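This briefing is meant to be read with the sequence and the 3D view side by side.

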Amino acid sequence: MDILVTGRHCQIPVEFEELVIDKLAAVERLVNRIIRIEVQVTAAKKPSATSAKVEITLQSKGPVVRAEASAEDKNVAFDLALDKMKSQLRKASDRRKTHRGLSSHVVELPSEPIAAPTEPEPVVHCVAGIEVQGDGPLVVREKTFDAVPLTLAQALDEMELVGHDFFLFVDAELGQPSVVYHRKAYNYGVIRLNVAK
């Protein structure tokens, strides 16, 4: 297992790096086939109550697992992030064992197309050199990811492991773009798109 500890706007003492390596040994028992763990410590330019942020990224043969935390001290922030990561790994492991909340039936959607309401043409204006339509928000970040079709169970695992409230995927069984998301009381929801042809 390769462990890389880096710092942004700060130096990483050897003692801190050794502490990180010792504590990450516990994660190796929770995940098989770890390739690399990256720990990035970012110090705020101005001192505050959360002047240190630690991001831990675990890369293995399976999905990427990510956790982050902020605190006044980098040691405390690291411990918080590590606790989050362990919790995510345990939750995903428990969910794989029980398959709680998964149903095998398929809900049939109506085949009649829904007519879209006609709206007036939005006003286009230029903001900081970028064309914006209407009063809507400005897109400031765009990401593209490579994806392989996943089952619903695999998508739930991926969502839990990256620590997000939702996960976009292509359903392997139905071939549809889909999103799984957290609902209240540890329940999940699924949204699927029927692509018109």
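The model shown here is predicted, and a search of the whole structure finds 5 salt bridges in it.

**The network around Arg-36**

- Arg-36 and Glu-38 form a salt bridge with each other, in which the closest N and O atoms are 3.0 Å apart.
- Through salt bridges that share partners, Asp-2, Arg-36 and Glu-38 are joined into one network.

**A salt bridge between two helices**

- Lys-23 forms a salt bridge with Asp-79, and the closest N and O atoms of this pair are 2.6 Å apart.
- Because Lys-23 belongs to helix α1 (residues 14-30) and Asp-79 to helix α2 (residues 74-98), the pair ties together parts that are 56 residues apart in sequence.
- Lys-23 is partly exposed at 28% relative accessibility, and Asp-79 is also partly exposed, with a relative accessible area of 29%.

- Arg-192 forms a salt bridge with Asp-171, where the closest N and O atoms are 3.3 Å apart.
- This pair links distant parts of the chain, since Arg-192 sits in strand β9 (residues 188-192) while Asp-171 sits in the loop between β7 (166-170) and β8 (177-182), 21 residues apart.
- Are the two partners buried or partly exposed? Arg-192 counts as partly exposed, with 33% relative accessibility, whereas Asp-171 is buried, because its relative accessible area is 2% and buried means under 20%.

**The sheet and the helix across it**

- An open sheet is formed by 3 strands in the order β7-β8-β9, and their pairing is antiparallel.
- The edge strands of this sheet are β7 and β9, each of which pairs on one side only.
- On average, and with direction ignored, neighbouring strands of the sheet are turned by 20 degrees against each other.
- Strands β8 and β9 pair in the antiparallel sense over 5 bridges, and the bridge partner of Tyr-181 in β9 is Gly-189.

Conventions
Residues are numbered from 1 along each chain as its sequence is written. This is a predicted model: local features need pLDDT of at least 70, side-chain atom pairs count only at pLDDT 80 or more; totals for chains, interfaces and linings use all residues. Side-chain values use heavy atoms; hydrogens and water are left out. A salt bridge is a side-chain nitrogen of Lys or Arg within 4 Å of a carboxyl oxygen of Asp or Glu. Helices (H or I, at least four residues) and strands (E, at least two) are DSSP runs, numbered from the N terminus. Buried means under 20% relative accessible area, exposed over 50%, partly exposed in between (1.4 Å probe, protein chains only). Two strands pair if DSSP finds at least two bridges between them. Axes are lines fitted to C-alpha atoms, for helices over the stretch in contact, and angles run from 0 to 180 degrees between N-to-C directions.
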